[in-house]
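Me: I would like a close look at a single part of this model. Please keep the answer connected and give the cut-offs as you go.

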Amino acid sequence: MATKQEVRGYLAYWFQLGKKVITGNGKASFLPLSVLNGDRYSEEFEECWQKILSPESGDCYLEGTHETIAELLTSAWEMLPCSRCSMPVAARNVGMPALLCPCNDLPNWPNTELPAPREPIKTQDQLKIISDRL
C-alpha cells in the first residue's frame with residue numbers, strides 16, 4: 001500500500017520534471033514553481049498537496065497517467081521505481097500494472113546529464129555520511 005508520504009514524494013518528483021496534476025476533468029491543473037526549499041518541501045508545494053487532497057478538487061491525477069491520486073492512496077497501489085528511468089511510478093499490488101510511466105511523453109528523458117529530481121535532504125546529515133565514509 002502506498003502511504004500518503006510516498007504519494008506526496010511521487011508527486012514531488014514528477015513536479016520537478018514539469019508534470020502537472022490535472023483536476024476538474026482537465027479544467028484546472030496544479031504545478032508549483034518550486035517544490036523544494038532546503039531540507040523540506042516548499043510552501044507552494046504543500047499548498048498544492050492540500051488542494052489535491054481536498055474533496056472540493058474532485059478527481060486529481062498526474063498528467064500522463066490514468067490513476068487518480070485518491071486511488072493511489074488505497075491499499076491497491078504501491079510506488080516502485082520505473083524500469084526505464086528509476087523515477088517513482090504507481091503499480092497495482094494485484095492485477096495489471098499501469099499502462100505507462102509518466103516519463104513516456106517526456107522528450108529526452110531519462111537525461112543523465114541533468115541532476116535527477118529528489119526529495120528534500122538535510123545537508124548536515126548528508127555531510128556526516130560523507131565524512132563517515134572518508
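Is R8 buried or exposed, and what is its relative accessible area? Please go on from there to the salt bridges and the cysteines.

Reply: This is a predicted model, in which local features need pLDDT of at least 70 and side-chain atom pairs count only at pLDDT 80 or more, while totals for chains, interfaces and linings use all residues. Residues are numbered from 1 along each chain as its sequence is written, and side-chain values use heavy atoms, with hydrogens and water left out.

R8 is buried, with a relative accessible area of 12%. Buried means under 20% relative accessible area, exposed means over 50%, and partly exposed is in between (1.4 Å probe, protein chains only). R8 forms a salt bridge with E46, and the closest N and O atoms are 2.2 Å apart. A salt bridge here is a side-chain nitrogen of Lys or Arg within 4 Å of a carboxyl oxygen of Asp or Glu. R8 lies in helix 1 (residues 4–16) and E46 in helix 2, so the pair ties together parts that are 38 residues apart in sequence. Helices (H or I, at least four residues) and strands (E, at least two) are DSSP runs, numbered from the N terminus. E46 counts as partly exposed, at 24% relative accessibility.

The structure holds 3 salt bridges. Another of them joins D39 to R40, with the closest N and O atoms 3.6 Å apart; D39 is partly exposed at 32%. R40 lies in strand 4 (residues 40–41). Not counting residues up to four places away in sequence, R40 touches V35 and P120, where contact means heavy atoms within 4.5 Å. The C-alpha atoms of R40 and P120 are separated by 5.0 Å, although the two residues are 80 apart along the chain.

D132 is exposed, with a relative accessible area of 54%.

Turning to the cysteines, the count comes to 0 disulfides, a disulfide being a pair of cysteine sulfur atoms within 2.5 Å. The sulfur of C48 is 8.5 Å from the closest cysteine sulfur, in C60, which is too far for a bond. C48 is buried, with a relative accessible area of 6%, and C60 is buried at 3%.
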